Amino acid sequence: MKYFALGIIVAGLVSSAAFAQEPRADAASGKALWDGSNTQCRTCHGKMGEGAFGPPLAGRGLSAAEFKQAARKPWGIMPAFTGDQVSDSDLANFASYLGALPKAAEPGPWRFPVPEEGRPG
């Protein structure tokens with residue numbers, strides 16, 4: 001009986017540790033997803049994650065957990081993305097890919113530049 005109870009406790013600790021780990025990240029998969037047409041993150045965050053309308057992501061060293069927090073419960077005007085739209089694994093891959101890129105000195109240009117004679121607002 002003692003061994004059974006000990007086995008239950010150990011199994012619970014092992015499974016809890018397994019669930020607490022971040023998904024395994026793959027930078028190549030993150031790049032393929034970033035460059036592909038399944039997500040449009042680069043529309044706001046820049047072609048290479050350098051920022052533009054949205055903040056820069058390249059070279060910031062954001063963790064998979066930070067990417068998940070920002071995608072699931074964003075602040076400001078960024079829309080929320082569900083697990084059906086982008087998985088936790090995809091977010092970990094983004095973190096790996098963008099974390100390996102150099103930090104941009106300047107944000108990228110906006111996708112739709114404002115004409116010089118454009119009115120404010």
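Reply: A salt bridge here is a side-chain nitrogen of Lys or Arg within 4 Å of a carboxyl oxygen of Asp or Glu. The model is predicted.

Me: What is the N to O distance between the side chains of Asp35 and Lys31?

Reply: The structure holds three salt bridges. One of them joins Asp35 and Lys31. The N to O distance in this pair is 2.5 Å.

Me: About how many helical turns separate Asp35 and Lys31?

Reply: Both residues lie in helix α2, which spans residues 27-35. Because they are four residues apart in that helix, the separation is about one helical turn.

Me: Is α4 parallel or oblique to α5?

Reply: Helix α4 (residues 64-72) packs against helix α5 (residues 88-100) with the axes 8 Å apart and at an angle of about 120°. Angles of 65 to 115 degrees count as roughly perpendicular and those over 145 as roughly antiparallel. The angle therefore makes α4 to α5 oblique.

Me: Which residues of α5 does α4 meet, and how many of the residues in the contact are charged?

Reply: From α4, Ala64, Phe67, Lys68, Ala71 and Arg72 meet Asp88, Leu91, Ala92, Phe94, Ala95 and Leu98 of α5. By class, the contact of α4 with α5 has eight nonpolar residues and no polar ones, and the charged residues number three.

Me: What is the handedness of the crossing of α4 and α5?

Reply: The two helices pack at an angle of about 120°. The crossing of α4 and α5 is right-handed.

Notes: Residues are numbered from 1 along each chain as its sequence is written. This is a predicted model: local features need pLDDT of at least 70, side-chain atom pairs count only at pLDDT 80 or more; totals for chains, interfaces and linings use all residues. Side-chain values use heavy atoms; hydrogens and water are left out. Axes are lines fitted to C-alpha atoms, for helices over the stretch in contact, and angles run from 0 to 180 degrees between N-to-C directions. Angles under 35 degrees count as roughly parallel, over 145 as roughly antiparallel, 65 to 115 as roughly perpendicular and the rest as oblique. A crossing is left-handed if the near helix is turned anticlockwise from the far one by less than a right angle, and right-handed if clockwise. Contact means heavy atoms within 4.5 Å. Ala, Val, Leu, Ile, Met, Phe, Trp, Tyr, Cys and Pro count as nonpolar, Asp, Glu, Lys and Arg as charged, and the others, Gly among them, as polar.
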